[in-house]
Amino acid sequence: MPNLKDIKSRIGSVQNTKKITKAMKMVAAAKVKKAENTVKAARPFSDELLFLFRKMLATVGEFSVDNIKIDKALDNYPALLTRREIKTEGLLVITSNKGLAGAYNANIIKTALKRIKENTEKGIGTVIYPIGQKALSGFKNKAGKYEVREGYISVANEPTALGANLIAEDIAKDYVSGKIDKIDIITTHFNNMMSYNIVDWEVLPVKIDKAEVHELDPVMEFDPSAHRVLQQVVPMYITNSIYQALLEANASELASRMTAMSAASNNAEEMITTLTIDYNKARQAAITQELVEIVSGASAI
């Protein structure tokens, strides 16, 4: 017969867990609507910026700049737009700082590890730029042929343009110096409160096929010059790509946490119901046993 005290203790424990999961669901629900509005408001600008940037490159074509003034790596757009043989790929992997978001972080890390395996088979090295504590700890504990750079923790919870700019500058330094020959972002695309997709954004080098040149209608005039415009647009393009990826990941992670905590609360409620039934059955069995013992004792007397 189950121990009544143990069952009651389990019921209390599950009730406390339910309180925590329900509170976490409410916190995520309060934040996710704001994150959804922010990411949807930012998408039109990001899409138009990418279109204009590709159109500019199709218009300018081959370019070379002498005596260019460079204060930081992001200003060196000729080097950033130079295509070369890909020997090492830089992967910016965006996760969250906390768990309890279902399989959100695990799926992203799994996708990144699959890419690392594919690169290794092709003889291409991989440098990981982890965003979020889960990515930082996840890759350090995984075996594989890749290098993990310094992690970016704060921007995972609070995406900002300034944080994206700092990340962009670090990656640009490695690209300009030749440490990496490609920049990709592995993040999530927020669909709605219930779903997201893991996506791979190619940031550099920018690919423009010959068939696309006609579609882009490359007829543009630059004032004061193509050089001055590109030196402003290229850093904006790289920074905004990272910023948009951070916004998408933040909204997806909050939605995933809200869904996971909602499911956990429902499971806790079902477990409480089941345990309560078990408790009542055990209590009834104990009472019945006591009555049987009393009647048997009275009959014997």
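In what order do the five strands of the open sheet stand? The order is 3-2-1-4-5, and the pairing within this open sheet is mixed. The legends below describe close-up views of a predicted model.

**View A. The open sheet and its edges.** Five strands make up the open sheet, and its edge strands are strand 3, residues 147-148, and strand 5, residues 195-204, each of which pairs on one side only. Strand 4, which spans residues 182-192, pairs with strand 5 in the antiparallel sense, over nine bridges. Across from isoleucine 185 stands tryptophan 201, a residue of strand 5. In a regular strand, as a general rule, side chains alternate between the two faces of the sheet.

**View B. Strand 2 and the helix that lies across it.** Strand 2 is largely enclosed by the rest of the structure, because six of its seven residues are buried. Helix 4, made of residues 133-140, lies across strand 1 (88-94), strand 2 (125-131) and strand 3, and the helix runs at about 145° to strand 2.

View C. Side chains of opposite charge can pair when their charged atoms come close. Lysine 33 forms a salt bridge with glutamate 36, with 3.5 Å between the closest N and O atoms, and the side chain of lysine 40 also meets glutamate 36 in a salt bridge, at 2.9 Å from N to O. Lysine 33 and glutamate 36 both belong to helix 1 (residues 4-60), where they are three residues apart, about one turn of the helix. Lysine 40 and glutamate 36, likewise in helix 1, are four residues apart, which is again about one turn. Is glutamate 36 buried or exposed? Glutamate 36 counts as buried because its relative accessibility is 8%, and the limit for that class is under 20%. Lysine 33, with a relative accessible area of 45%, is partly exposed, and lysine 40, at 40% relative accessibility, also counts as partly exposed.

**View D. A salt bridge between distant parts of the chain.** The side chains of aspartate 184 and arginine 115 meet in a salt bridge, with 3.2 Å from N to O. This pair links distant parts of the chain, since aspartate 184 lies in strand 4 and arginine 115 in helix 3 (residues 104-122), 69 residues apart. Both aspartate 184 and arginine 115 are buried. Salt bridges that share partners join Glu89, Arg115, Lys182, Asp184 and Asp200 into one network. In the whole structure, a search finds 13 salt bridges.

**View E. A nonpolar patch on the surface.** Which residues form the nonpolar patch on the surface? Ile287, Leu291 and Ile294 form this patch, and together they have about 270 Å² of accessible area. Isoleucine 287 is found in helix 8, which covers residues 226-300. With a relative accessible area of 32%, isoleucine 287 is partly exposed, and it can therefore be counted in a patch, for which over 30% relative accessible area is needed.

Definitions and conventions:
Residues numbered from 1 in each chain as written. Predicted model: local features only at pLDDT ≥ 70, side-chain atom pairs only at ≥ 80, totals over all residues. Heavy atoms only, no water. Pairing = 2+ DSSP bridges. Helix = DSSP H or I, 4+ residues; strand = E, 2+ residues; numbered from the N terminus. Contact = heavy atoms within 4.5 Å. Axes fitted to C-alpha atoms, helices over the stretch in contact; angles between N-to-C directions. Salt bridge = Lys/Arg side-chain N within 4 Å of Asp/Glu carboxyl O. Buried < 20%, exposed > 50% of the residue type's maximum accessible area, 1.4 Å probe, protein only. Patch = residues over 30% accessible without salt bridge, like charges linked within 9 Å, V, L, I, M, F, W, Y side chains within 5 Å. Areas by Shrake-Rupley, 256 points an atom, 1.4 Å probe, with all protein chains shown as cover.
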